[in-house]
Amino acid sequence: MLAEFLQYLFTGITIGATYALVALGFTLIYNASHVINFAQGEFLMIGGMATVSLMGMGLPMPIAIILAVILAGILGVALQRLAIAPARQASVVTLIIITIGASIFIRGVAQLVWGKEYHVMPSFGSDQPVRIGGAVMHSQSIWVLLIASILVVLLVLFFTRTLIGKAILATSMNKDAARLVGIRTQLVLMLAFMLSALIGSMAGIAVAPITFTSYDIGIMLGLKGFVAAAMGGLGSGVGAVVGGITLGIVEAMTAGYISSDYKDAVAFSMILLVLFFMPRGMFGSRVVERV
Amino acid sequence: MLNSLFQSRQFGLLVLALIIIVLPFGLQNDFHYDIAIQMGLIAATVVGLNLLVGFAGQISLGHAAFFGVGAYMSAILTGTYGWSPIPVLLFAAVVVGIIAFVVGRPILRLKGHYLSMATLAVGFIIYIIINNERRITGGPDGISVPSLSIFGAELNVFNDYQILGMTLSGTFLWYVLAGVLLLLAVWIAQNIIDSPIGRALRSVHGSEVAARVVGVDTARFKSLVFVISAVYASIMGSFYAHYTGFITPQIASFEHSIVLITMVVLGGMASTLGVILGVVVLKLLPQVLADFQELEMMMFGLILMLTMIFMPKGLLPTLQGLARKYLRKKPEEGV
Amino acid sequence: MSALIEVTGLDKAFGGVNAVEGLSFSVNAGQVYSVIGPNGAGKTTLFNLITGIYTPTKGEIKLRGESVVGLEPNQLAERGMCRTFQNLQICMNMTALENVMLGRHLQLKSNFLSTLFRLPSMLRDEAACRERAIELMEFVGCGQYVNTEASAMSYGALKRLEIARALAADPKVILLDEPAAGLNGTETAALEDLIRKVAQQGITVVLVEHDMKLVMGISDYLLVLNYGRKLAEGTPEQIRNNPDVIAAYLGG
């Protein structure tokens with residue numbers, strides 16, 4: 001009984017950590033530009049797929065990972081420069097369609113380069129499962145949690161200790177004021193997209209050995225990240241992490257105890273309930289309407 | 001003279017009717033007719049969605065679910081239970097209207113991205129139910145749908161019909177039906193827009209706070225337009241199911257919702273003819289791109305992205321703007 | 001005289017900061033009543049509280065003797081209250097005329113069926129509404145913009161258009177939030193005339209304004225706010241000679 005519960009809990013936390021990282025990516029971009037980037041999931045896909053294919057070319061895993069992350073970073077910058085920046089005047093819906101167009105494009109390229117098959121990535125460490133209190137965990141789960149924790153800590157340090165991080169925060173609060181004090185807001189936006197892509201790709205790489213990877217995994221991971229981000233309250237870093245982990249656990253518990261067919265339905269019902277009672281998510285700012 | 005004709009509210013309807021009448025001369029085979037019929041049914045759906053997105057400024061990323069519920073109710077109640085198609089279609093529309101009213105009230109309080117999230121979630125939940133309840137819906141494999149029949153007369157694409165001494169194919173009659181449905185959809189949408197109700201809807205988009213201080217109960221109007229657009233989707237979903245004779249959960253999916261809203265945005269929000277153009281373009285594009293085979297997806301994404309970046313107002317309003325500049329006429333309202 | 005608006009012990013706090021504190025006053029029917037005070041004194045917050053856009057933290061607001069705290073702006077409009085905004089709230093997706101016609105929303109009783117089939121009753125109401133809206137546009141001096149898209153109008157014209165829209169609702173009381181802000185001298189003089197004409201029709205006017213010449217010229221009664229509290233109230237003459245007001249305005 002307890003072993004079963006622990007099993008679901010660990011599974012949930014692992015996948016939840018991935019959702020949390022996707023949600024953090026959403027949050028970063030949302031804060032800097034108020035854009036919901038529907039191509040966020042593609043960063044995860046690119047990270048996983050590029051790593052697999054670079055390893056296939058004979059590169060050692062660490063090098064392949066670094067190159068894949070850099071590739072995703074470049075993609076993030078390109079997305080901001082080529083697709084978001086030129087459409088500054090566009091409405092919310094138009095921006096949504098633009099990022100969806102971008103995600104279809106990236107997926108199309110990925111399908112062209114890597115085909116439609118599933119690809120397998122080896123674990124970072126040993127393939128031996130880890131046993132905790134009767135539950136059996138994929139050894140990669142430990143890596144996912146470790147990487148997610150390190151990334152969260154680094155992000156916190158980045159935003160509280162570095163000048164660039166503070167500049168991003170300032171821009172998110174008031175773009176015009178930030179520009180007045182000399183912050184180059186376009187650069188900040190670019191940085192936000194890059195960071196978001198870096199985090200996304202690392203999440204994609206970390207989780208790939210557990211879930212496998214293919215050109216279209218980004219859609220669902222991206223949507224779940226959006227759910228997690230909205231649940232926590234768009235723009236809230238804490239909210240993204242809490243939302244992601246909660247979502248992962250609820251999904252795993254539903255799949256375990258109720259029905260795996262309905263695990264996604266439970267996730268989406270949960271976000272509806274949260275929004276019903278908290279129209280700005282769990283940690284969203286309560287903005288006063290200014291007229 | 002020409003100018004007043006241009007500005008009249010019937011102009012768009014007239015253009016559309018002309019196109020629908022002339023088009024069969026260009027359609028060479030059943031495949032062409034098939035695309036045209038599908039365009040007509042989807043366009044009528046999108047005209048309804050445009051009332052919500054284009055005119056009232058509310059986002060829905062889950063509209064295909066309403067289309068799907070209409071289609072599946074028609075499939076199940078006529079197929080499994082042997083009910084008559086038209087009463088089922090109307091019954092489904094009422095059910096979908098009630099669903100939209102019940103979920104619309106709480107979620108339409110949300111704004112911007114939270115509203116997108118909530119509509120996306122509602123759509124997904126409906127899709128998952130359709131996909132998983134195999135015994136009722138046939139699950140991912142889909143379900144077959146009986147032909148449309150009115151008072152015992154069956155309208156089937158595989159039959160020929162003798163009408164007024166002419167032999168007409170079932171496909172052609174479906175084309176006529178789709179054309180009439182589209183014209184009706186546009187006529188009703190225009191009547192709604194061009195009325196106090198329509199003005200209230202547009203004011204929700206223009207300035208919600210201004211609307212409220214002059215007495216517009218914005219929550220009620222958002223709910224109303226959400227229900228109207230859902231009912232549009234449900235009715236067209238039912239017709240679509242009867243037309244294709246076979247449906248899968250794909251028609252209720254998130255991807256289909258995205259396709260529908262993309263048609264609105266690409267064609268031109270708040271432009272009834274524009275969104276129909278959006279349907280035509282998005283339905284034809286895959287046919288054209290199919291020649292590029294594995295490049296298809298990439299090119300589709302690229303075209304979508306570039307169009308929206310360089311024509312954020314959508315195809316028709318941008319083209320109208322260019323034409324106006326060219327003709328140096330006074331600005332006039334789009335239809 | 002009967003109090004049209006009666007405010008008692010009104011408080012509004014934003015995250016622990018009181019924007020309006022312990023405010024009590026009453027506006028009599030038929031008055032031109034002005035609210036003045038330095039920037040950040042809580043004038044616009046007060047307007048947002050009275051018109052139902054914000055909910056008070058504490059206190060009572062009565063409109064013609066009926067408590068209206070917690071009512072939505074549209075419910076207040078039904079009770080005869082209408083307003084304009086400091087930052088324009090115009091529907092830029094409509095024509096100027098349609099914006100004013102929107103103001104007559106509550107006067108149009110057409111139902112869904114008559115809309116769907118464009119029944120004669122609806123068309124008749126619409127025609128009357130259009131006529132009244134054109135009249136009002138001429139009344140506020142926007143007559144030349146009847147067929148113009150709102151997005152193509154100048155700032156000054158839009159400010160007048162907002163007044164026309166508010167008047168279209170046939171209000172008992174109209175709240176004008178800084179109507180003269182951003183206007184030049186000629187425009188301000190025209191505005192002063194307009195406010196007088198509105199008041200002459202028996203509509204109570206509540207005004208937030210910075211232009212002292214305008215305020216002192218047309219107000220029957222003034223309320224001076226400072227840091228969300230009442231600093232003084234009285235006739236223009238009393239306010240002009242009030243030492244507290246002079247001190248606050250001269251930064252004493």
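Author: The dialogue below concerns the salt bridges of this structure. The model is predicted, so local features need pLDDT of at least 70 and side-chain atom pairs count only at pLDDT 80 or more, whereas totals for chains, interfaces and linings use all residues. Residues are numbered from 1 along each chain as its sequence is written, chains are lettered from A in the order in which they are written, and side-chain values use heavy atoms, with hydrogens and water left out.

Reader: What is a salt bridge, and how many does the structure hold over all chains?

Author: A salt bridge is a side-chain nitrogen of Lys or Arg within 4 Å of a carboxyl oxygen of Asp or Glu. Over all chains there are 21. One of them joins Glu42(A) to Arg107(A), with the closest N and O atoms 3.4 Å apart.

Reader: Which helices hold Glu42(A) and Arg107(A)?

Author: Helices are DSSP runs (H or I, at least four residues), numbered from the N terminus. Glu42(A) lies in helix H2 (residues 40-56) of chain A and Arg107(A) in helix H4 (residues 92-114) of chain A, so the pair ties together parts 65 residues apart in sequence.

Reader: Are Glu42(A) and Arg107(A) buried or exposed?

Author: Both are buried, that is, under 20% relative accessible area with a 1.4 Å probe, counting protein chains only.

Reader: Which residues are linked with Lys224(A) in a network of salt bridges?

Author: The network links Lys224(A) with Glu251(A), Lys263(A) and Asp264(A). Between Lys224(A) and Glu251(A), the closest N and O atoms are 3.0 Å apart, and both residues are buried.

Definitions and conventions:
Helix = DSSP H or I, 4+ residues; strand = E, 2+ residues; numbered from the N terminus. Buried < 20%, exposed > 50% of the residue type's maximum accessible area, 1.4 Å probe, protein only.
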